[in-house]
Amino acid sequence: MLFNRKKRNPIKIADKKVVQWKYTTCGYCSTGCSLDIGLNAEGKPVATRGTAGADVNRGKLCIKGIYEHELFESAGRGAQPLARKSISDEFESTSWDSALNSMAGEIQSIQKQYGRDSFAVVSTGQIMTEEFYTLGKLVRGVLGTNNYDGNTTLCMASAVSGYKRSFGSDGPPGCYDDFDHTECLLAFGSNLPEQHPIIFWRLKEALEKRKFPVIVIDPRVTMFAQFADIHLPVTPGTDLVLLNSLAHVILDEGLEDSTYLKNNTNGYDEFSKLIEQYDPESASKICGIKAETIREVARIFANAGSAMSIWTMGINQSTHGSDGVAAINNLSLITGNIGKPGGTSLSITGQCNAMGTREWSSCSGLPGYRQLENQDHRKEVADFWGVNEEFFPAQRGLTMTDIFPAIEAGKVKGLWLVATNPMTSMPDSARIRKCLSSLDFLVVQDAYRDVETNQYAHLYLPAAVWAEKEGCFTNTERRVNLVRQVCKPHLNSRPDHWIFSNLAKRFKASESMSFPESTADMFDEMRELSKGRLLDISGITHDRLEQEKGIQWPCSEVDVEDGGVTNSALGNAGSPRLYTDGKFQFADGKAKLLALPFENDNELPCEEFPFWLNSGRVVEHFHTRTKTGKIGNMNKFSPTPYMELNPDAAEKLGVKQSQYVRLVSRRGDAVVMAQLTHRVAEDMVFIPFHFHDCVNRLTLGLLDPYSRQPAYKQNSVRIESIDQKLAAKLNVEMRSF
Ligand SMILES: Nc1nc2c(c(=O)[nH]1)N[C@H]1C(S)=C(S)[C@@H](COP(=O)(O)OP(=O)(O)OC[C@H]3O[C@@H](n4cnc5c(=O)[nH]c(N)nc54)[C@H](O)[C@@H]3O)O[C@H]1N2
Ligand SMILES: Nc1nc2c(c(=O)[nH]1)N[C@H]1C(S)=C(S)[C@@H](COP(=O)(O)OP(=O)(O)OC[C@H]3O[C@@H](n4cnc5c(=O)[nH]c(N)nc54)[C@H](O)[C@@H]3O)O[C@H]1N2
Ligand code: SF4
Ligand SMILES: [Mo]
């Protein structure tokens, strides 16, 4: 029968009555999409659209961006500071003045009794760079605790550590434009179509213009793996072996770039000696990839005119995270693929401002990629801030993952959490719950009062979220983007920078320091401190960022001659790539090839716990769902905690599609719904980590020795059957936080 087109009703899209569009930057992932929020006549955000002229996303957005205007009035937002004496009491509303006075008092009394480091601060990758800078100034210059870190230890720490070990500094050297030039892409442990949909779209655009091989390395058959030319289902936690073996083939077959090696690297002898042991036949037995495939991939990579690698959590979240990153860098260095169009080693970052915290928060040192261990750096920052240089600790203190054991050991008595929810996001929830409930004083500063961690807080500070405030985010390709304020903070919530500055003023030590009111003024301080550094942003202003839809650092001021007088002016267009001259950040300018032996130290499947437990994300949800869990369309598409289970394994266990099962690990148990799919092998299950009281009840989280990042993705579990009615009830309770 012929379809009668005339009778078809056209789809009507409701007129949102937008009277004004305001420019800003997406607050979810690190892609850094520019977007416009539509306001109606009452100034209420009612629509979101991608900004057409923005280089990153060129008018496109993913599902999270499209509904982002719904965030401002989502359920569970904090409206008023809340306080209580003990966590068994009910919270009571309090004023900002009394909340900040009591917080300052508690910090002082804990530090007086137990020492400066007994009060710890853990922040995030989700506030503005100016806010990170201000928090760093407060912690390093006023509070003086050295137990200060961010949730980026759960996320980017291995990339930071690997970059520092290989290149002498943090800073991803490539950009999205590299897709338009490369002749080969290796993607390790990254599910780009779901986790960075617009970077994936940029890759697809590049491939439509010019075909080049895409090789995906992931134990799961992800959406990205399905799209790849070659998929390498590596044995979990063994990427380092595969990488060493790829390097073995390249050296063995003389495919390296010997001129680049000679001029720009150190460490060849030790590196090549170690690599000799990783012949493809031996490597294959550990990493599970056929020797011939390893040879083929090595040849494709080394013979390409330019070749690049990208990676995300499949590499970073491992006991060999830092080594995995350094091994990816090794591969790029031996083939001369750094700093040239299409030739790079690009860590795909995670949170919207995972980069901002690395650059400016002072968590791992001092602002602007400076180090506590470097005398000149200490002096520069101390003089600039007006603090005594001796007040800075001699070296970095504990990371987030070591702060929790220090709470257990009674060394840390007070904790301030800023925009992070460890109760759901850290491994071994039972242990985290015990730590949090044992604290003398816990402050939770979050945009949502219903964040799980708040159950253990003595003081809750309601923060303004995302575009309720103004400042910068730096994305994966070092592009500084501007988040313009779109609307006022929700009720009596306050921007994080306001909270930091107003807390600082309650300490005598801040009297000699400046804590400016506006983020533009904070940015000016950062510009000054960035001059001459790798991450120079002195040529950037907030206004330029809006006009140009983001600028990639380094972007320095330029000198202009005017009638014989030299003036500084803004003008540098920014830098798509680092290390284009082959000069790295070590004293002799050379990068380091590192010999990276593999030792298998993961929790492996065994008779009692026969399945690998892998975890990650889905496109609709962001992290612990404090944001996306409140947005109708996100929940509609991804409503429930589930587990990917191989149909053959399910048959053996007698598990049917959509049945609930109980998972048990050495740490605890969790109930999830089984989704039968060949995306996972017979000996693996995969669970998105977004749901509370779910996968992180099971995870162990062994730490990488360099970065202290947890190996979330390599744990072992067994599967048990469970009464379906009881499971359904548990499941509803789990979702209704
Ligand atoms: N929709 C959405 N997007 C997000 C986020 C979100 O929560 N939701 N979060 C953002 C953040 S903070 C981050 S860090 C990124 C994370 O982005 P991704 O790292 O891309 O996401 P994940 O799902 O955590 O993990 C990626 C893949 O690693 C694989 N993997 C597991 N073990 C191994 C291994 O041993 N080797 C290899 N090669 N691969 C392995 C998993 O099977 C998985 O497919 O996403 C960002 N974007
Ligand atoms: N099993 C498993 N666990 C994982 C991972 C995994 O792959 N598997 N991935 C890890 C990774 S990569 C990451 S990055 C972490 C993320 O872990 P978390 O950082 O703990 O997770 P989020 O839910 O993003 O928590 C951020 C909090 O900040 C709040 N917030 C948002 N914006 C603002 C703001 O502007 N100001 C303030 N004050 N608060 C704000 C949110 O409401 C939320 O409560 O999870 C880690 N956990
Ligand atoms: S890809 Fe990332 S930055 Fe872009 S709209 Fe989606 S969540 Fe936002
Ligand atoms: Mo992350």
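Predicted model: local features only at pLDDT ≥ 70, side-chain atom pairs only at ≥ 80, totals over all residues.
**Entry 1**
I started with the strands. Seven of them make an open sheet, and reading across I get the order 5-4-16-15-14-6-7, with mixed pairing.

**Entry 1: one pair up close**
Next I looked at strand 6, residues 119–123, beside strand 7. The two run in the parallel sense, and I noted three bridges between them. Serine 123 faces glycine 150 of strand 7.

**Entry 2: helices on the sheet**
Helix 17 (residues 400–408) packs on this sheet, where it touches strands 6, 7 and 14. I wrote down an angle of about 145° between the directions of helix 17 and strand 6. Then I checked helix 2, residues 96–114. Helix 2 lies across strand 6, strand 14 (414–418), strand 15 (441–446) and strand 16 (459–462). Against strand 16, helix 2 runs at about 135°.

**Entry 3: around ligand 3**
What surrounds ligand 3? My list includes Cys26, Cys29, Cys33 and Cys62, along with Lys64, Pro197 and Ile198. Helix 1 (63–66) and helix 6 (197–209) each give at least two residues to this shell. Sorted by class, the shell has eight nonpolar, three polar and one charged residues.

**Entry 4: a record**
I also looked up UniProt. An unreviewed entry there lists residues 19–76 as "domain: 4Fe-4S Mo/W bis-MGD-type". In the model, the end C-alpha atoms of residues 19–76 are 28 Å apart. That span is 7% helix and 31% strand.

Conventions: Residues numbered from 1 in each chain as written. Chains lettered and ligands numbered in written order. Heavy atoms only, no water. Pairing = 2+ DSSP bridges. Helix = DSSP H or I, 4+ residues; strand = E, 2+ residues; numbered from the N terminus. Contact = heavy atoms within 4.5 Å. Axes fitted to C-alpha atoms, helices over the stretch in contact; angles between N-to-C directions. Near = heavy atom within 4 Å. Nonpolar A, V, L, I, M, F, W, Y, C, P; charged D, E, K, R; others polar. UniProt positions renumbered as here; feature names shortened; annotations may be inferred.
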